[in-house]
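Hi everyone, thanks for coming.

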Amino acid sequence: MSYLQNKVQSFNANLGSVAGKISNKRTVAPSPKPTASPTPFAASDTSKNELKRKRADLPRVPFSQPADTGVGQHIMTQVTYAIEHLKKRDEPQTFAAILEYLSMQTREESYKNALEKILIKHEKVNYQPKREGHPAVFSFRPVHNIRSAESLLRYLQAQHTAQGLSVKELRDGWLDAEDTISKLEAEGKLLVTRNKKDNHARMVWPNDPSLNFEIDEEFKTIWHKIKLPEPAALADELEKEGLTPANKHRITKKPVKTQEKPKRKARAGGKTTNVHMAGVLRDYSHLKK
């Protein structure tokens, strides 16, 4: 019995200790409140707003145009600038003056020598080598070496044909060409054709005063008194005078006949089908055309 009593006592002791532990309150630290995470829609809105701000800050540059760096670094770009400068200047320019215009005085000598050689051999540049007491100079070479009213009249009078001169070619080396042409036209020294759209001069010819012929006023009066017949009766009037109107014998095109395609004939001796329905079906082959 002593063994059983010891077991009961140990059980009671354990039961009392467990009950004491359950009765004690445990202090638990409060868990932090979960912060509300941004919804996918809110995140997408914020990202769109940031992209719009970045795009608004960027400079608007047309993608079809190259970036303008201000000064062309390629040597052929400098050649183009130099030729445009010579075109606007009436007097020849030294190479030092061209370098000063291009702001290329501090460039290396190899670059300057290459630029000078290109200008010397260029088809739109006249090069005059260095002479005694005169430096080498460059000038623009136009299509026609005409820069004044006197040179224009002299060139037109020296022509062996009546072919006119293009004003576009004159403007290539003569900036005031159109103003001078208008003055010469008003003085009766030039014959000018103009564009209908903008009234700019297009072609010019010399106006020879010796070809002008005055007609008597009596002859003009007689000429204007002659009445022409009406267009409808003009053909009859010509036939009365023994003349054939040009529009009387017109070539009439014959209508092109389209060949009709022959109709296909029914094949004779074809295989007969539906033999088992011979008493039900009827034969309408005799009605075919």
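Let's start with Ser 103, which counts as exposed because its relative accessibility is 55%; exposed means over 50% relative accessible area, buried under 20%, and partly exposed in between, with a 1.4 Å probe and protein chains only. Ser 103 has a positive phi of about 55 degrees, although it is not a glycine. You'll find Ser 103 in the loop between helix H4 (95-102) and helix H5 (109-121). Helices (H or I, at least four residues) and strands (E, at least two) are DSSP runs, numbered from the N terminus.

A word on the source: this is a predicted model, where local features need pLDDT of at least 70, side-chain atom pairs count only at pLDDT 80 or more, and totals for chains, interfaces and linings use all residues. Residues are numbered from 1 along each chain as its sequence is written, and side-chain values use heavy atoms, leaving out hydrogens and water.

Now to helix H8, residues 177-186, whose buried residues are Ala 177, Glu 178, Thr 180, Ile 181 and Leu 184. They sit on the same side of H8, because they cover an arc of only 160 degrees around the axis, taking directions from the helix axis to the C-beta atoms. On the face turned away from that buried side are the exposed residues Asp 179, Lys 183 and Ala 186. Just after H8, Gly 188 takes a positive phi of about 80 degrees.

Finally, strands E5 (residues 190-194) and E6 (residues 201-206) pair in the antiparallel sense over five bridges; pairing needs at least two DSSP bridges. Leu 190 has Pro 206 in E6 as its bridge partner. The two strands form a hairpin with six residues between them.
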